Amino acid sequence: MNGVHYRQWQTGRNFLIKIEPGESIRDRLNSVALDAGIHHAVIISAVGSVCNVDFRGIKSGAKRPISEPRMSRHHLEGPLELLNLQGNLITDDKGEIDIHLHIVLGKSSGDVAGGHLFDAEVFAGCEIALSEMQVTGVARSLSRSSGTPTIYIEES
C-alpha cells in the first residue's frame, strides 16, 4: 500500500449538543460546526430517540464502486430508540463540512436496524457529545474506486 494512511490528531474543544424534538440531527450538527468554526470532529456519544429516519445499507454481493442500484434505502417512521450514532465531520475539498454518520436504531419489538444515516428527526430529545479534532492535511472527497466520499491524507 502506497501513500499515507494515518495522521495524528489532538483533541480540541468538546461540545455537548442538545437537539430538540422535531429538529434534524444533520442540520443541527452542521449548524453547530458552522457557528463554532469546527472543521474536523468526531462523535463521542449520542443518546435519545428519533423518527422519520432515512438510511441505507449496501446490498449483499454488491461490487465497487458503490452506486444507487447497489444500495438499499430505508425509511422508518418510528419513534425509535437511538442506540448508537457514530461518525465524523470532516472538511471536504470545497471547504465545506461533510458529515458522515452511521446509526443503530432500536424498535419497540426489540429488533434493531441501522446503516449509513442520511438524516433523522429527533423525537423526544437527543444529546450528542462531539470532540473537535485538531489536524491538518485531512479532507474528504469522492473516491472513484469506492464510489463514496472518503478521507484523504496529504503526504507530509
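**Salt bridges and other features**

Mentor: The side chains of glutamate 23 and arginine 28 meet in a salt bridge, with 2.2 Å from N to O. This is a predicted model, and arginine 28 counts as partly exposed in it, at 26% relative accessibility.

Trainee: How many salt bridges does a search of the whole structure find?

Mentor: The pair of glutamate 23 and arginine 28 is one of them. Glutamate 20 also forms a salt bridge, with lysine 18, and glutamate 132 forms one with arginine 13. The search of the whole structure gives a total of three.

Trainee: How far apart are the closest N and O atoms of glutamate 20 and lysine 18?

Mentor: Glutamate 20 counts as partly exposed because its relative accessibility is 37%. Lysine 18, at 61%, counts as exposed. A salt bridge requires the nitrogen to be within 4 Å of the carboxyl oxygen, and here the closest N and O atoms are apart by 3.5 Å.

Trainee: How many residues apart in sequence are the parts that glutamate 132 and arginine 13 tie together?

Mentor: The closest N and O atoms of glutamate 132 and arginine 13 are 2.9 Å apart, and the two form a salt bridge. Glutamate 132 lies in strand S6 (residues 112–134), while arginine 13 lies in strand S1 (residues 10–19), so the parts that the pair ties together have a sequence separation, in residues, of 119.

Trainee: How many disulfides does the structure hold?

Mentor: A disulfide needs two cysteine sulfur atoms within 2.5 Å. The closest cysteine sulfur to that of cysteine 51 belongs to cysteine 126 and is 12 Å away, too far for a bond. Cysteine 126 is therefore in no disulfide, its nearest cysteine sulfur being that of cysteine 51 at 12 Å. The number of disulfides is zero.

Trainee: What is the relative accessible area of cysteine 126?

Mentor: Cysteine 51 counts as buried because its relative accessibility is 8%. Cysteine 126 is buried too, with a relative accessible area of 2%.

Trainee: In which strand is arginine 56 found, and is arginine 56 buried or exposed?

Mentor: Arginine 56 is found in strand S2 (residues 40–58). Not counting residues up to four places away in sequence, arginine 56 touches several residues, including Arg73, His116, Phe118 and Thr148.

Trainee: Which ring does the charged end of arginine 73 sit over?

Mentor: Arginine 73 is among the residues that arginine 56 touches, and so is Phe118. The charged end of arginine 73 is 4.1 Å from the centre of the ring it sits over, and that ring belongs to phenylalanine 118.

Trainee: What is phi of asparagine 52?

Mentor: Asparagine 52 is found in strand S2 and counts as partly exposed, at 32% relative accessibility. Its phi is positive, in a residue other than glycine, with a value near 45°.

Trainee: Where is proline 79 found, and what is omega of the peptide bond from glycine 78?

Mentor: Proline 79 is found in the loop between strand S3 (71–76) and S4. The peptide bond from glycine 78 to proline 79 is cis, with omega near 10°.

Trainee: Which residues does glutamine 86 touch, not counting residues up to four places away in sequence?

Mentor: Glutamine 86 is found in strand S4 (residues 80–91). At 44% relative accessibility, glutamine 86 counts as partly exposed. With that sequence limit, the residues touched are His100, Leu101 and His102.

Trainee: What is the radius of gyration of the protein chain?

Mentor: The secondary structure comes to one helix and eight strands, in the order β-α-β-β-β-β-β-β-β from the N terminus on. The globule rule gives 15 Å for 156 residues, and the chain is close to that, so it is as compact as a globular protein of that length; its radius of gyration is 16 Å.

Technical notes
Residues are numbered from 1 along each chain as its sequence is written. This is a predicted model: local features need pLDDT of at least 70, side-chain atom pairs count only at pLDDT 80 or more; totals for chains, interfaces and linings use all residues. Side-chain values use heavy atoms; hydrogens and water are left out. Helices (H or I, at least four residues) and strands (E, at least two) are DSSP runs, numbered from the N terminus. Contact means heavy atoms within 4.5 Å. Buried means under 20% relative accessible area, exposed over 50%, partly exposed in between (1.4 Å probe, protein chains only). A charge sits over a ring if NZ of Lys or CZ of Arg is within 6 Å of the ring centre and within 35 degrees of the ring normal. The radius of gyration is taken over C-alpha atoms; the globule rule is 2.2 Å times the number of residues to the power 0.38.
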